Amino acid sequence: MKGWAALAQVLLVGLLAGVAPAQKPPDKGPEKLPESVAACLACHDDTQLSVKLKDGSTMRLHVDPQEFVRSVHGAQLVCTDCHARYEQNHPSGATFASRRAYAIASYETCKKCHFDTYTRTLESVHYELLKSGLDAAPVCTDCHGAHTIQNPHEKRAMVSRSCATCHGDVYRRYAASVHGKALEEGGNQDVPACADCHTHHQIQPPGSTQFRLGSPQICIRCHGDARLMAKYGISATVAQTYLADFHGVTASLTRGASVAPQQVVVTCIDCHGVHDITSPRLRGAEAMKASVAAACARCHAGASPAFPAAWLSHWEPSLRHAPLVFLVQLFYKIFIPFVVIGLVLQVLLHLYRVSLGR
Amino acid sequence: MRGPDAGEYVVRFSFWARFQHASVILLFGVLLLTGMPQKWPYVEASRWVIEHLGGVVAVRWLHRAAGIAFSLLLVAHLAVAIGGALAGRTKPSMLLSVKDFRDAVDFLRYCLGWAEAPPRFGRYDYRQKFEYWGLVFGGVVMALTGFVLFFPITVSRLLPAELIPAAKVMHSYEALLAFLIILVWHLFAVLLSPEVFPLDTSIFTGKIRKDRLRHEHPLEYDELSGRE
């Protein structure tokens, strides 16, 4: 999916460049900063430059020209594109209550260009918190930075680490998981980072019922992809075996139904965990069995340790795995066509005889 | 086909038999309506049915309730049939005999034109008997596997837990088989078959025209006439 998005991006950029070559920004090397930027940097390149805010704290006003030039906006924007309200003769004194108040008052400048992304954030749990008065709720610059913004598609680990600023506990568990380790230690681009499951901007509260019911679809995006799974020697049938089973059917039918779910529906996370997912192969069969048994017992009071054998552990029935289920299935797959074809033939023969006349 | 008996009727089915048939129509219908969407949950029509019946939890309870009623009817049927036969009040006319298998072969020979006349049937012909025993055995399979799925925790304490997914597969396929047999065999025999078209009403009214009885169940007709 990422490949397609990248390809679409390349095509789109190519197309825009083709139809509107005049709009292509002039090539600005780090040594050739535009005049207006240079004018600002005449003061702001000073590492000591700062301002005192109303709460008595000091806000540093230094901007590193090299860092800005290396950012994605370095070749596109000038200072006043974002900092539009400043006259030539500023500062006029401490106008903001705190550093945080400044960040919150300023972040909406991003929507001038990124309007669609901005509107998605308005539906997120983070915006709900911000609106309720929680200043710590993240705004654009908290995750993306300000003068140092990098392409978030290339720096997935960086974006995830920005989540860790507030969600440290969760991030530590994630970083120790099979997914987190691969991203953090090996720079693996296949494994999910925070935003791949929680989305980027329209982040929903993960404790909600709808998020739980939809969660298998998140796992299936990768674990139902045969080519991706083959790369890691993982079965891609895990999704369909779950969806074909009792709980998978319940989750699918409850999701998006007008009737609110009357019970907890078991999804992938109940046996595999959420942020602390580890490879079932590494955990071993015994540990997985214990995990499944514990998951069953959470809802099925009195489930014995033998009960999880009712679940085929993502295996398709075969002579080796679940031979009884396999043989019952085989019997009916032969018996039903045999009976039905036989009956249809007799009906046809009967009609044939009638057509001959008695 | 019209003979001296045209217009005259004889009683063919008791109230108990008609009540059971009507109950099976109702219960089988409810079980199919609530069961098939669970067998094919990813078909759009299934989602529609489940939505309109109040969600999957409601559908499953409706299915279990109809299943319990069907099981009770099955037990009552077997008790009355076996009890009646043992007490000598009813004849066990549904029991299979060698003649039924011979009749099946003879009827096919007749259909192919290798025999002049169809075999002479008694109170129930071989098709009706086969279907009856299919319903009884199928009903027992559905009830047993249904209760395994209803009480999986209890079952897994007493028996290997692999029986539960096996019961699920069996319940699902046996239901499909029953549905297909009713569709191609029973509905043909009672609706479209040239002898009864457009509908064999005897199981609803309890009566059958004498000329039809003579034609379709000659041995029973002879027996009744002989007794009269």
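Mentor: In chain B, 16 Å separates the C-alpha centres of domain 1 and domain 2, with bounds taken from an automatic or database domain assignment. This is a predicted model, in which local features need pLDDT of at least 70 and side-chain atom pairs count only at pLDDT 80 or more, while totals for chains, interfaces and linings use all residues. Residues are numbered from 1 along each chain as its sequence is written, and chains are lettered from A and ligands numbered from 1 in the order in which they are written.

Trainee: Which elements give two or more residues to the side of domain 1 of chain B that touches domain 2 of chain B?

Mentor: Domain 1 covers 14-92 and domain 2 covers 95-228. Contact here means C-beta atoms, placed from the backbone, within 7 Å, and 11 residues of domain 1 of chain B meet 11 of domain 2 of chain B that way. The elements are helices (DSSP runs of H or I, at least four residues; strands are E runs of at least two; both are numbered from the N terminus), namely H1 and H3 of chain B.

Trainee: And between the chains, which element gives the largest share of the side of chain A that touches chain B?

Mentor: In total, 37 residues of chain A are in contact with 36 residues of chain B. Two elements of chain A give two or more residues to that side, H16 and helix H20 (323-356). The largest share, 17 residues, comes from H20(A).

Trainee: How many residues of H16(A) are buried?

Mentor: Buried means 20 or more other C-beta atoms within 10 Å of a residue's own, exposed means 12 or fewer, and partly exposed lies in between, with C-beta atoms placed from the backbone. The cover over the buried residues includes H13 and H15 of chain A together with H1, H2 and H3 of chain B. Among the buried residues are Val249(A) and Leu253(A). For H16(A), spanning 246-254, the count is 7 of 9.

Trainee: What is phi of Thr199(A)?

Mentor: Most residues other than glycine have a negative phi. Thr199(A) sits in the loop between H12 and H13 of chain A, and Thr199(A) is partly exposed, with 13 other C-beta atoms within 10 Å. Its phi is positive, near 65°.

Trainee: Which peptide bond of chain B is cis, with omega near 10°?

Mentor: Most peptide bonds are trans. Look in the loop between H7 and H8 of chain B, where Pro198(B) lies. The cis bond runs from Phe197(B) to Pro198(B).

Key. Two residues are in contact if their C-beta atoms, placed from the backbone, lie within 7 Å.
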